[in-house]
Each structure stands twice: as structure tokens, then as C-alpha cells.
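Student: I am new to this structure. Could we go through it in short questions?

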Amino acid sequence: MDLAQSVKRKSKALLPPALFLALTGYFGWNATQGDRGLRSYALREQQLASVQAELVVAQGEAADWARKVAGLQSAHLDADTVDERARAMLNLADPTDVVVPYGPDKKLY
């Protein structure tokens, strides 16, 4: 009976630290590996940097298109822009122009 009481007493003494270590391990693992852990944070930071780079490119394209559209508005017509668009749409060139051919994979705009 003395051995059973000794084991029971030691198991009661070990239960709180073992439970605390298990909880600490669980929360530690979630802090690094979980949905809102350090690895997920690093992945979100990479995605944010990628999306911000795409945003810069898109804003540049939008500014370019805004400049082109502003040149085609009737309030102030830019003769060079109108000439450029007319030649591109009609596929024509002036005999004094220097024509640089693009490959099929290149975009004009």
C-alpha cells in the first residue's frame, strides 16, 4: 500500500508541470507554425510585397493610359498622339518615317 500511495503522490506532483509543459508546447508550436504564426506572417509579408510591386506596375500603366487619353480629348487635341493612333489603326507609315518592326510577341503599347 505504501508503494501505491507513493506513486499516486508523485503522479499528482508531476501532473501540473506536465500539463503546463504540454500547454506551453502547444502554444509555442502555434506561435510558429499555426495559421497566425511566424511562418504565415512571413508568407503574408512576401505576398504583400508582390502585390505592392504589381500595384506600382498597374499605376504606371494607368498613368500612361491617362496621358494617352488626355491627348485624345477634344478639349486639347495633341497632333502627335492623333497621328500616332491613326497610323497604328490604319497600319500606315510616312515615307520619311523610320519603321522598326516588332516580333509577334512584342506589344506596341
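Student: Is R67 buried, partly exposed or exposed?
Tutor: This is a predicted model, and the relative accessibility of R67 comes to 52%. The cut-off for exposed is over 50%. R67 therefore counts as exposed.

Student: Which residue forms a salt bridge with R67?
Tutor: The closest N and O atoms of the pair are 2.8 Å apart. Both residues lie in helix α2 (residues 38-72), 3 residues apart, about one turn of the helix. The partner of R67 is D64.

Student: Is K68 buried or exposed?
Tutor: K68 also forms a salt bridge with D64, with the closest N and O atoms 3.7 Å apart. Shared partners join D64, R67 and K68 into one network. The relative accessibility of K68 is 13%, and buried means under 20%. K68 therefore counts as buried.

Student: What kind of aromatic pair do Y26 and F27 form?
Tutor: The structure holds 1 aromatic pair. Its centres are 5.3 Å apart, and the planes stand at 70°. Planes over 60 degrees apart count as one kind, so the pair of Y26 and F27 is edge-to-face.

Student: How much accessible area do L19, L23, Y26 and F27 have together?
Tutor: These residues form a nonpolar patch on the surface. One of them, L23, is in helix α1 (residues 2-33) and counts as partly exposed at 43% relative accessibility. F27 counts as exposed, at 53%. Together, the accessible area of the patch is about 450 Å².

Conventions
Residues are numbered from 1 along each chain as its sequence is written. This is a predicted model: local features need pLDDT of at least 70, side-chain atom pairs count only at pLDDT 80 or more; totals for chains, interfaces and linings use all residues. Side-chain values use heavy atoms; hydrogens and water are left out. Patches are made of residues with over 30% relative accessible area and no salt bridge: like charges are joined within 9 Å, nonpolar side chains (Val, Leu, Ile, Met, Phe, Trp, Tyr) within 5 Å. Accessible areas come from the Shrake-Rupley method with a 1.4 Å probe; for residues, only the protein chains shown count as cover. A salt bridge is a side-chain nitrogen of Lys or Arg within 4 Å of a carboxyl oxygen of Asp or Glu. Helices (H or I, at least four residues) and strands (E, at least two) are DSSP runs, numbered from the N terminus. Buried means under 20% relative accessible area, exposed over 50%, partly exposed in between (1.4 Å probe, protein chains only). Rings of Phe, Tyr and Trp (its six-membered ring) pair if their centres lie within 6.5 Å; planes under 30 degrees apart count as stacked, over 60 as edge-to-face and the rest as tilted.
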